[in-house]
Amino acid sequence: RRQEAIAAGTRDGVPIALAYLVVGFTLGIAAKNAGFTPWQGFLASFFNNASAGEYAAFTLAADAPYWEMALMTLIANARYLLMSCVISQKFAPDAPLLHRILVGFDLTDEIFGISVARRGALNPYYNYGAMMVALPGWAGGTVLGILAGEALPAAALSALSVALYGMFLAIIMPPAKLDRVVLGSVLLSFAASFLAARIEPFASLSGGTRTILLTIGIAAGAAA
């Protein structure tokens, strides 16, 4: 049964790994611009398998203190706390704590999706199978992006760096079409970010602090 669960997770994780390779590559471009070496980029992606959280950290890395980077990453990744609560209900009641912790370590949006779709109690070895291919795809993609950043001309790097913004637009546009609250929040975030960078006292704050305040404020307003 354990081997069957690993095989099923690996099978379902292959498409995720291929997508992660592409997204990780674009993150690698951002990591290269922030001064990360391939090894540093690999570690960052391996231990923080989250596009928004990593991108926030990479963009702040040049001039933000460590506490600001950590807080911004925590806020960007806060949704995983809720996902972990949901997945914990999928385990059998007697599932060991160690399995819960290891599964929570790499509970990305996509792995969460295939996990909740499984019928019956969740076998942690299913997640391990998915993680075995998805996590190297993500971290490896970041390394390839950094290596490409060291070899490609500046014009190519500028073009590739836009790909990550395209990915984020692809994430927010479909729900924005279906929900006016989401659409309003997206438009408000664009406008508020633009104005906060130009109007005091927000303009005198660092970019990371402005992002943290806007994220909390707009998310709280949308939730209300």
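Trainee: At roughly what angle do the axes of helix 1 and helix 8 cross?
Mentor: Quick heads-up: this is a predicted model, where local features need pLDDT of at least 70, side-chain atom pairs count only at pLDDT 80 or more, and totals for chains, interfaces and linings use all residues. Residues are numbered from 1 along each chain as its sequence is written, and side-chain values use heavy atoms, with hydrogens and water left out. Helices are DSSP runs (H or I, at least four residues) numbered from the N terminus, and their axes are lines fitted to C-alpha atoms over the stretch in contact, with angles from 0 to 180 degrees between N-to-C directions. Here the axes of helix 1 and helix 8 (residues 124–151) come within 5 Å, and the crossing angle is roughly 20°.

Trainee: Is helix 1 roughly parallel or roughly antiparallel to helix 8?
Mentor: Angles under 35 degrees count as roughly parallel, over 145 as roughly antiparallel, 65 to 115 as roughly perpendicular and the rest as oblique. With the axes crossing at roughly 20°, helix 1 and helix 8 are roughly parallel.

Trainee: How does helix 1 sit against helix 7, roughly parallel or roughly antiparallel?
Mentor: The axes of helix 1 (residues 2–33) and helix 7 (residues 109–116) come within 10 Å and cross at roughly 165°. Because of that angle, the pair is roughly antiparallel.

Trainee: Which hand does the crossing of helix 6 and helix 8 have?
Mentor: Helix 6 (residues 97–105) packs with helix 8 at about 30°, their axes 10 Å apart, and that makes the two roughly parallel. A crossing is left-handed if the near helix is turned anticlockwise from the far one by less than a right angle, and right-handed if clockwise. Helix 1 passes both helix 7 and helix 8 in a right-handed crossing. For helix 6 and helix 8, the crossing is left-handed.

Trainee: Which residue forms a salt bridge with Asp109?
Mentor: A salt bridge needs a side-chain nitrogen of Lys or Arg within 4 Å of a carboxyl oxygen of Asp or Glu, and the whole structure has 2 of them. In this one, the closest N and O atoms are 3.0 Å apart. The pair links distant parts of the chain, 30 residues apart, with Asp109 in helix 7 and its partner in helix 5 (residues 79–88). That partner is Arg79.

Trainee: Which helix gives the most to the nonpolar patch?
Mentor: Patches take residues with over 30% relative accessible area and no salt bridge, joining like charges within 9 Å and nonpolar side chains (Val, Leu, Ile, Met, Phe, Trp, Tyr) within 5 Å. This one covers about 460 Å² and is made by Leu169, Met173, Leu183, Leu187 and Phe190, with areas from the Shrake-Rupley method (1.4 Å probe, only the protein chains shown counting as cover for residues). Helix 9 (154–178) and helix 10 (180–196) each supply at least two residues. With 3 residues, the top contributor is helix 10.

Trainee: Which peptide bond is cis, with omega near 5°?
Mentor: Look in the loop between helix 10 and helix 11 (207–223), where Pro201 lies. The cis bond runs from Glu200 to Pro201.
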